[in-house]
Amino acid sequence: MLDRLRNEELDIVVGSRYVQGGGLGDWQSDRAAMSRFATKLSRLVVRADLKDPMSGYFMMRRDAFMSAARRLSSLGFKIMLDIFASAPAALKFREVPYEFRTRFAGESKLDSVAMWTTGCSCSIN
């Protein structure tokens with residue numbers, strides 16, 4: 001990711017489960033379905049053609065972050081989605097594959113309430 005930021009004219013590099021070479025690992029079908037639904041919902045607030053807009057695995061340039069920082073919502077739970085929705089200009093991005101691994105501790109924050117909050121919070125920006 002760092003090499004791409006250093007060598008290409010990009011604002012952000014996103015680890016994506018939904019590009020060739022990426023994957024969901026051993027997710028249960030209900031979690032995979034919730035992820036697909038959240039991805040579709042996110043298309044309502046982000047115009048970029050991201051394959052994995054709900055990814056939490058990304059790296060970006062400081063200036064790109066600072067340009068969006070003042071507009072970021074204090075609600076919701078997916079910062080990258082909020083950054084894309086809040087950026088004053090379209091972000092130049094590239095998605096790179098990664099495969100999700102089985103969680104060893106904790107639990108996912110993605111549930112129906114989080115998806116609703118994320119959709120609402122990003123749409124007010």
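Predicted model: local features only at pLDDT ≥ 70, side-chain atom pairs only at ≥ 80, totals over all residues.

Modeller: Let's start with Met1, which, once its neighbours within four places in sequence are left aside, is in contact (heavy atoms within 4.5 Å) with Val13, Val14, Gly15, Tyr57, Phe58, Met59 and Val96. Residues are numbered from 1 along each chain as its sequence is written.

Met1 itself belongs to the segment before helix 1 (2-7); helices (H or I, at least four residues) and strands (E, at least two) are DSSP runs, numbered from the N terminus. How exposed is Met1? Its relative accessibility is 24%, so Met1 counts as partly exposed; buried would mean under 20% relative accessible area and exposed over 50%, with partly exposed in between (1.4 Å probe, protein chains only).

Two strands count as paired if DSSP finds at least two bridges between them. Strands of a sheet pair through backbone hydrogen bonds, either parallel or antiparallel.

Now for strand 1 (residues 12-16), which pairs with strand 3 in the parallel sense over 5 bridges. With strand 2, strand 1 pairs in the antiparallel sense over 3 bridges. You can find an example on each side: Val14 has Phe58 in strand 2 as its bridge partner, and Ser16 stands opposite Pro97 in strand 3. Strand 1 is mostly covered, with 5 of its 5 residues buried. Ile12, Val14 and Ser16 point one way and Val13 and Gly15 the other way, and all of them are buried.

Next, look at the aromatic rings. Rings of Phe, Tyr and Trp (its six-membered ring) pair if their centres lie within 6.5 Å; planes under 30 degrees apart are called stacked, over 60 edge-to-face, and the rest tilted. By this rule there are 2 aromatic pairs. In one of them, the ring centres of Tyr57 and Tyr98 are 5.1 Å apart and the planes stand at 75 degrees, so the pair is edge-to-face. This pair links distant parts of the chain, 41 residues apart: Tyr57 is in the loop between helix 2 (29-42) and strand 2, and Tyr98 is in the loop between strand 3 and helix 5 (112-123). Tyr57, one of the contacts of Met1, has a relative accessibility of 43% and therefore counts as partly exposed. Tyr98 is buried, at 17% relative accessible area.

The rings of Phe84 and Phe93 have centres 5.6 Å apart and planes at 80 degrees, so this pair is edge-to-face too. Phe84 is buried, with a relative accessible area of 10%, whereas Phe93, at 22% relative accessibility, counts as partly exposed.

Phe84 brings us to helix 4, where 7 of the 8 residues are buried: Met80, Leu81, Asp82, Ile83, Phe84, Ala85 and Ser86. Helix 4 spans residues 79-86 and includes Ser86, which is buried with a relative accessible area of 1%. The side chain of Ser86 reaches the backbone oxygen of Asp82 at 2.8 Å.

Finally, step back to the whole chain. It has 5 helices and 3 strands, and from the N terminus on its elements run α-β-α-β-α-α-β-α. Of its 125 residues, 38% are buried. Among contacts with a separation of 6 or more, 74% are between residues 24 or more positions apart.

Methods:
Heavy atoms only, no water. Polar contact = N/O pair within 3.5 Å; in protein donor to acceptor, adjacent residues only side chain to side chain.
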